[in-house]
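Okay, thanks for coming, everyone.

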Amino acid sequence: MTTQLKDEIVQIEGINIHVMRKGSGEPLIYLHGSNGNPAWTPFLESLSQHFDVIAPEHPGFGKSETAPWIREVDDLVYFYRSLLDHYGIEKAYFVGQSFGGWITAEFASSQTHRVKKFVLIAAAGIYKEGAERADLFAMSPEETISRLVHSPEAQQRLKELSSSPEALSLSIRNTQAFARFAWRISYNVKLPTRLRWAKAPALVLWGEFDRVISKEYADYYASLLPDAQAKIISNCGHLPYMEKPEETANAVIDFCK
Amino acid sequence: MVKVFAFGLMPYLEMVEDFYEKYDSAWVTYPNKHYDPKKGNQYYNDYLDGLEFCEQVGFDGIVVNEHHQTPYGLMPSPNITAAALARRTSRAKIAILGNALTLRGYPQRVAEEIAMLDNITGGRIISGFVRGIGAEYHSFKVNPLDSKEIFYEAHDLIVRSWTEKEPFAFHGKYFQFPYVNVWPRPYQEPHPPIWLPSLGSKDTIEFAARNKYVYLQTLSSLKDLQPVFEKFREEANKVGYTASDEQLGWSVNVYVAETDEIAYREAEEHLMFYFDKHFVMPRHFFFPPGYVPAASLEQIMRTKAGLGVPGHFKFQDLVEKGYVIVGSPETVRQRVEEIHKELRFGNMNVHMHFGNMPRWKMMKNIELFGRQVLPHIQILG
């Protein structure tokens, strides 16, 4: 049981991985999106009041190293099996944001027995004809910000966060790491079929004004999963954890408890 | 001796008036509704006429290349352009500079097509290999992080398929085939000369030098050219041989007219169209993740200007920096002689057409250069 924030490098399958961990109770694994998870956030802080929150940075992102065999999302599924083993966790709650939601959905379909419940937030991973979807590799930094979050205040905050000198090299590193998995397409054509095996109860959360992966995907994910409910977060973009941290954390907590 | 080649990108000559207001790129997403096939028919035939005329005026070779989803160059398949030239020419080398190996799917198809062309022309083919530019990774969605590895692996497969005379199995990281057995075999022994055109990538220079290929520097200032050639010669020394001038090539835009004044007046608009219209693309198209190392990308992102940004170059700068040589036949001849004396190279790839240059200027350029400059360059020793 951890109550102080532990910010450490752990070795999993021989790879040095950056993990932040805080809280007590049942374990909850948080899988971040394409912009990484360099620091502890108010959203994770809220979750840590109820769970033992474990937030790794994916291989290749931020302070995590990677290995040549990690090339596709299914490799990450194997990798996260080893992360659970590393912590001696049999079963955990999973919360995945965007790209992390894709990993979560793949994990929940193939590692059914190791997932207690899972939450997909603005998750990539599937494709629906006609539903708006932005190509994060094909836009200027300014457009990226305007698409990621909805409110002018959040856009301003994101702009400030991304203007530091360290932010540029981190963003280049994370974009490369993300491209390893999502350059060709940011979904898996087999996943819609495979979701039928994701039997754990699921919550699908989406921002009302998500301009990266539109909210139509919330219902689409919910329709493909055997036990899922969708919930829309109003006045919110693609990053609910940043724009509506309390509301998003409460939705997760209510669902999991 | 300098072998002199003639080249043009075969661009689409027009772009919409309100291009800057409506679009941020001439690549990937500039809509093909702005392509008129009637004009295209005219352009293709003008360009092919131009290259055929180049053979007549005495060029050692003519050059084609590959680009995708852009008015910048209308040769998505350089082998088709080469095929169109193969039977209309009889003496000049046809240099395909090059096939973008990473964007071609099956490397065997490149091996087969080049071998066909080499047979049809009785061994006049030069086979260049390239990776394709950043924007083309957006068009084809090949992972730029894998680009170099795919390139090297495809190269190995092609060279083996040209040189081994029994079927073989190939089990690489990206390509796996139980039976590689290319028919026809190339006409030239052991295979057509391999050239590697590049903007100066360290890896490409090393690879070319190690394999004793021809390295061709594309689109660069003279200041950038010198260290590249030096690096090539150093790399050759490292692996135990002295590089010959024949292994080095320089690509440059040239415009020749009756006088310096006329040449400047006639060339400027078209060169600026090339840099300020055809080449325009945003950074994220130019440099997809992994296409250049992270540290280089960080440097690039910290500067606002650069290739692809309209207004970055002024005509006078381009002349001074040696991106283009403009002038009367006498001026151009002297300038090339000076540069050759300083840098030493055995191949010169002359862009006889650039930007939105009309046919008559291209033909005049070829004629004046061909008759009054070319013979003087070919004898440089």
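**Buried residues, a core and some helix pairs**

So, let's start with His68(B): setting aside residues within four places in sequence, His68(B) is in contact with Trp27(B), Pro76(B), Leu103(B), Glu136(B) and Phe140(B). Before I go on, please keep in mind that this is a predicted model. Where does His68(B) sit? In the loop between β2 (61-64) and α3 (78-86) of chain B. Is His68(B) buried or exposed? Buried, because its relative accessibility is 9%, and the cut-off for buried is under 20%.

Okay, next buried residue. Glu266(B) is part of helix α9 (residues 260-278) of chain B. Glu266(B) has a relative accessibility of 12%, so it counts as buried. What does Glu266(B) touch, if we skip residues up to four places away in sequence? That would be Tyr255(B), Ala257(B), Trp360(B), Lys361(B) and Lys364(B). For a sense of distance, Ala208(B) is 58 residues from Glu266(B) along the chain, and the two C-alpha atoms are separated by 37 Å.

Over in chain A, have a look at Ser82(A), in helix α2 (residues 73-86). Ser82(A) is buried too, because its relative accessible area is 15%. Not counting residues up to four places away in sequence, Ser82(A) touches Ile12(A) and Glu13(A).

Now the core. The largest nonpolar core has 227 residues. Which ones have the most contacts inside it? From chain A we get Phe43(A), Phe118(A) and Tyr221(A), and from chain B, Phe59(B), Trp250(B), Met348(B) and Phe369(B). Let me zoom in on Phe369(B): leaving aside neighbours within four places in sequence, its contacts are Val4(B), Phe59(B), Val254(B), Val256(B), Val332(B), Val350(B), Met352(B), Leu374(B) and Ile377(B).

Right, helix pairs. In chain B, helix α4 (residues 107-120) and helix α6 (residues 147-163) have axes that come within 9 Å and cross at roughly 45 degrees. That angle is why α4(B) and α6(B) are oblique to each other, and the crossing is right-handed. On the α4(B) side you have Pro107(B), Gln108(B), Val110(B), Ala111(B), Ile114(B) and Ala115(B), and α6(B) brings Ala154(B), Leu157(B), Ile158(B), Ser161(B) and Trp162(B). By class that's nine nonpolar, two polar and no charged residues.

Staying in chain B, helix α7 (residues 202-210) packs on helix α8 (residues 222-238) at about 45 degrees, with the axes 8 Å apart. So α7(B) is oblique to α8(B), and here the crossing is right-handed. Lys202(B), Ile205(B), Glu206(B), Ala208(B) and Ala209(B) of α7(B) meet Val228(B), Lys231(B), Phe232(B), Glu235(B) and Ala236(B) of α8(B).

Last pair, back in chain A: helix α4 (residues 141-148) and helix α5 (residues 152-161) pack at an angle of about 140 degrees, with axes 9 Å apart. The crossing of α4(A) and α5(A) is right-handed. Ile145(A), Ser146(A) and Leu148(A) of α4(A) meet Gln155(A), Leu158(A) and Lys159(A) of α5(A), which gives three nonpolar, two polar and one charged.

Okay, that's me done. Happy to go back to any of these.

Conventions. Residues are numbered from 1 along each chain as its sequence is written. Chains are lettered from A and ligands numbered from 1 in the order in which they are written. This is a predicted model: local features need pLDDT of at least 70, side-chain atom pairs count only at pLDDT 80 or more; totals for chains, interfaces and linings use all residues. Side-chain values use heavy atoms; hydrogens and water are left out. A nonpolar core is a set of buried Ala, Val, Leu, Ile, Met, Phe, Trp, Tyr and Cys residues joined through side-chain atoms within 4.5 Å. Buried means under 20% relative accessible area, exposed over 50%, partly exposed in between (1.4 Å probe, protein chains only). Contact means heavy atoms within 4.5 Å. Axes are lines fitted to C-alpha atoms, for helices over the stretch in contact, and angles run from 0 to 180 degrees between N-to-C directions. Helices (H or I, at least four residues) and strands (E, at least two) are DSSP runs, numbered from the N terminus. A crossing is left-handed if the near helix is turned anticlockwise from the far one by less than a right angle, and right-handed if clockwise. Ala, Val, Leu, Ile, Met, Phe, Trp, Tyr, Cys and Pro count as nonpolar, Asp, Glu, Lys and Arg as charged, and the others, Gly among them, as polar. Angles under 35 degrees count as roughly parallel, over 145 as roughly antiparallel, 65 to 115 as roughly perpendicular and the rest as oblique.
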